Every structure is written in structure tokens, then in C-alpha cells.
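Colleague: I would like to go through this model with you, beginning with the chain as a whole and then turning to some local details.

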Amino acid sequence: MDFSAITVLCVGDVMLDRFLYGRMERISPEAPVPVLLLDSRREMPGGAGNVVSNVLSLGGRAVLVGLVGDDEAGATLRAVLAEQGRLVDATVPDPSRPTICKTRFIAAHQQVVRVDEESSTPLTDTQAHALCRAVQAHIAGVQAVVVSDYGKGVCAPAVLDCVFAAAAAHGVPVFVDPKQTDYALYRGAACITPNARELAAASHMPVDTQAQVEAAARAVMDHAQADAILATRSEKGMMLVRRNGAALSVPARAREVFDVSGAGDTVIATLALAVGSGLTLERAMRVANAAAGVVVGKLGTATADIDEVLRELAGQEGAQDVPHLLSLPAACAQVARWREQGLKVGFTNGCFDILHPGHVSLLAQARAECDRLVVALNTDASVRRLKGESRPVNTLQARAAVMAAIRYVDGVVAFDEDTPLETIRALIPDVLVKGADYRPENVVGADLVLAAGGRLVLADLQAGQSTTAIIGRARGA
């Protein structure tokens with residue numbers, strides 16, 4: 001699951017989330033209120049900015065469109081955004097409107113008070129036109145659009161009309177996190193993601209049971225002429241209601257919930273990335289459900305990275321449904337984490353088409369030389385180029401599932417080239433392992449590993465063990 005090529009345009013109410021952490025040890029002599037002794041502070045993008053943070057955390061790219069004031073909070077927000085890689089800051093500066101800022105005072109892991117700074121003034125024509133120009137400037141380069149409506153003014157009818165028209169012209173799906181109860185404003189959305197309370201307010205219908213949620217979702221879906229409604233139901237999970245399909249529900253995984261702040265941002269960011277990458281809406285919902293499960297287990301406005309989401313999917317769906325292949329960026333991140341723990345990382349590669357005792361022996365020897373072993377598999381196209389049109393016998397997904405089940409293997413990646421040189425260049429393992437039928441000077445990537453201070457190991461081979469021999473015996477039978 002690799003979102004590195006996906007760019008999401010996020011349009012909506014951009015905020016600065018400010019967290020002030022301290023200790024309460026006495027009551028003020030001036031008034032019967034506790035005194036907070038400040039220890040630390042943390043500032044991050046909120047609102048539509050938190051959607052962007054989730055997109056980036058999951059490995060995608062983002063463009064952020066919203067209003068930012070000419071004030072201290074705005075300067076801080078822009079500085080925070082400038083530190084984000086893979087983000088285009090397309091926010092519109094506006095000196096007549098303060099930057100939306102939410103300041104939370106926290107003591108002993110509890111929020112004591114929150115102070116909000118914002119304007120309730122309706123959007124002006126000038127501001128709307130500036131936002132529309134920003135959308136039109138970037139729509140051609142994205143695979144999905146998220147409308148993050150927090151009801152703070154940016155998602156005015158004129159701006160929404162522009163977003164949906166531009167997205168339709170470029171064939172880009174729009175995902176809406178709604179705040180307004182008139183869903184006709186979101187006409188043409190690929191998916192709208194209300195929580196249960198928002199769905200009840202928009203439909204004027206009860207949403208206590210699954211049947212009631214489906215009925216309410218179909219009512220607002222018709223009103224908005226949307227393709228689907230994804231209703232998030234807190235501890236009850238999610239329900240996806242499609243215009244031309246049966247409703248589908250997934251339960252929430254039982255876990256300790258620390259904070260639901262920003263969970264909706266995580267859901268819609270994941271949904272947009274997943275659909276933008278080509279996943280079905282049904283599969284995207286399951287991935288989004290897993291991402292939400294990660295962030296509610298964290299304190300404060302949080303994000304999830306792709307490795308956390310994959311682990312959560314494992315817990316929610318069972319091992320058979322977990323994607324076994326790591327993307328190369330995910331593998332690089334995993335290798336970096338292992339190295340931070342002081343672990344030595346090994347690497348070997350091959351087609352591993354029909355796994356046999358010779359393969360197992362090679363993997364066991366490789367794992368004995370390191371603390372963690374990454375195996376790189378040739379893709380099906382790569383195998384065909386090397387072995388002929390009749391190979392592979394087993395698909396990449398099947399080979400990856402079997403390889404991931406081997407106790408000596410800690411990670412599986414794939415490469416589409418004839419050799420794993422670029423994969424080795426990205427990972428730079430501490431130990432490179434190949435069979436003893438290779439000469440050291442002929443091992444692809446050995447020079448890179450040795451130059452970085454690593455080792456090359458040539459593993460003993462078991463005589464008479466080969467996939468070609470197995471295929472020949474099967475045909476002879």
C-alpha cells in the first residue's frame with residue numbers, strides 16, 4: 001500500500017492548534033481558579049491543516065487551500081507548514097480576517113480549558129475569488145479533493161461551487177467532511193463522511209440502529225446527489241451506503257480510547273488517498289477504519305503512519321487480509337526504525353516462485369547473519385523476463401503471502417527491474433546474502449553494501465533443489 005504518488009487537494013477551514021502543557025499545584029489568590037504552571041507548548045496545523053498532516057503521515061502529497069490571517073498565529077501556522085515536506089502551501093493571506101486558533105491548556109493529561117480565536121464574518125466576494133483561483137491553479141495535478149468544512153466560513157457556496165466544478169472538469173473525486181446540514185451544497189460529492197450526530201441533523205431522522213443509519217444516509221445522499229455516504233459511528237464502527245449498492249458496515253476494534261480529536265480528519269484523509277490510489281471505496285473504508293483506530297489511541301490531535309495502519313488492519317481483519325508487501329518507502333522507514341534499535345538488517349532476493357527446502361535453507365542462513373531480514377521478490381513481469389512466459393507459477397501476491405509466513409523473514413518488498421539494485425541502494429542493508437553459486441564480483445549491489453561498511457555472505461546451497469526441477473517433475477507426472 002503505497003500513497004507516495006498520490007496528491008490530495010485539501011480545501012477548507014485552516015486552523016492553528018496550540019497545546020500548552022503545565023502543572024496545577026495551587027489556587028489563584030485572585031480568583032477561585034487553578035494556576036497552571038507552564039512547562040511546554042506544541043503547535044500544529046488544525047482543521048483542514050490536520051487533514052493535510054494525515055495525508056503526509058500516510059505517505060501522500062498535499063496541497064492546502066484556505067484563509068490565513070496576517071497575525072502572530074498566521075505566521076506561526078505558515079512556519080509550521082513550511083517545515084512539512086511534500087506539501088504545497090496554497091493558503092490565501094487575508095489581513096481582514098484573523099487566523100483561526102484553538103489554544104488548549106492541559107494539565108495531568110486533561111484539557112483544563114480551550115480558548116478559540118476566529119471570525120464569524122461571512123466570506124467576502126474577494127476572499128471567495130482568491131480561494132477559487134488557488135483551487136483552479138492546482139486541481140490538474142491532484143488525484144483527489146477533500147473539502148474540510150468546519151463551519152468557519154471558507155466553505156461558502158461560491159467556493160464549493162468552484163471546487164465541484166473544477167473537480168468534475170478534471171475527473172477528480174471529491175470527499176466531504178460536512179458541517180452544514182444542507183447537503184445540497186455538496187452536490188456531486190464522491191463521498192460525504194458525517195458522524196452520527198451530523199447525519200441525524202442533516203436528515204432529521206433517528207440514527208440509533210444500522211437500519212436507521214442506512215435510511216438517513218440514503219435520504220441525504222439523494223438530496224446531495226452524492227455517490228456514497230460514509231457514516232462514522234464512534235465505537236459502533238462505520239457504515240458505507242452507496243447509491244448503487246448494498247450498505248456495508250465494519251465494526252470498530254475494541255481498544256482503549258484516549259482522544260477522538262481529529263479522528264474524522266484521519267478518516268477522510270485516508271479515504272481520499274486510498275481511492276485516489278485505485279482502491280475500491282469498500283476497501284478504502286476498511287483502511288480508513290484502521291487509521292481511525294490508530295489515532296483514537298493517541299492523546300491530542302494525532303496522525304497515523306502507514307505502518308501503524310497496516311498493523312491495525314492486521315488486528316481488525318486477520319492475517320489473511322493484511323497486505324504482505326511493504327512499499328519501498330515503508331521498507332526504508334522500517335529499516336531506519338530497526339537501526340535506531342541497534343539491529344543489523346540483512347537482505348536477499350529472488351523469484352521464490354515455488355518455495356522448497358533449498359529456499360528455506362537460504363533464508364535460515366541469511367537470518368542467522370543478521371537481526372532482521374528483508375526479502376525482495378521479483379514482480380511477475382520481472383520473473384517472466386528472466387524465466388520465460390510460463391513463469392511465475394505463483395503470483396507476486398501469493399509469493400509474498402507465503403514468504404511473509406516464513407519465520408526467518410521480517411519484511412517483504414518487490415522490485416520490477418531485472419535486478420534489485422535500486423532496492424539495495426535505497427535500503428543499504430548491513431548484510432547482503434546470495435547463494436554460493438555466485439562469485440562476489442557478480443553479486444548485484446555488493447559494492448554498495450561493502451562501501452557502506454556492510455558484509456556479503458554467500459550461503460550454502462542444497463543440491464538438487466530448484467523450482468525448475470519441481471515443475472519438471474510435476475509435468476512428468
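What follows is a short exchange of questions and answers on this predicted model.

Colleague: How many helices and strands does the chain have?

Modeller: The C-alpha atoms fill a box of roughly 80 × 55 × 40 Å along the principal axes, and of the 477 residues 49% count as buried. Within this chain, the secondary structure comes to 16 helices and 20 strands.

Colleague: Are the rings of F19 and Y21 stacked or edge-to-face?

Modeller: A pair of aromatic rings is described by the distance of the centres and the angle of the planes. The count of such pairs here comes to two. For F19 and Y21 the centres are 6.4 Å apart and the planes stand at 15°, and because planes under 30 degrees apart count in this way, the pair is stacked.

Colleague: Which residue lies over the face of F19?

Modeller: F19 has 2% relative accessibility and therefore counts as buried, whereas Y21, at 22%, counts as partly exposed. Over the face of the F19 ring, at 5.2 Å from its centre, lies R42.

Colleague: Which strand gives the most to the nonpolar patch?

Modeller: The patch on the surface is formed by M24, V112, V113 and V115, which together have about 300 Å² of accessible area. V113, one of these residues, has 41% relative accessibility and so counts as partly exposed. With three residues in the patch, the strand that gives the most, spanning residues 110-117, is β9.

Conventions:
Residues are numbered from 1 along each chain as its sequence is written. This is a predicted model: local features need pLDDT of at least 70, side-chain atom pairs count only at pLDDT 80 or more; totals for chains, interfaces and linings use all residues. Side-chain values use heavy atoms; hydrogens and water are left out. Rings of Phe, Tyr and Trp (its six-membered ring) pair if their centres lie within 6.5 Å; planes under 30 degrees apart count as stacked, over 60 as edge-to-face and the rest as tilted. Buried means under 20% relative accessible area, exposed over 50%, partly exposed in between (1.4 Å probe, protein chains only). A charge sits over a ring if NZ of Lys or CZ of Arg is within 6 Å of the ring centre and within 35 degrees of the ring normal. Patches are made of residues with over 30% relative accessible area and no salt bridge: like charges are joined within 9 Å, nonpolar side chains (Val, Leu, Ile, Met, Phe, Trp, Tyr) within 5 Å. Accessible areas come from the Shrake-Rupley method with a 1.4 Å probe; for residues, only the protein chains shown count as cover. A salt bridge is a side-chain nitrogen of Lys or Arg within 4 Å of a carboxyl oxygen of Asp or Glu. Helices (H or I, at least four residues) and strands (E, at least two) are DSSP runs, numbered from the N terminus.
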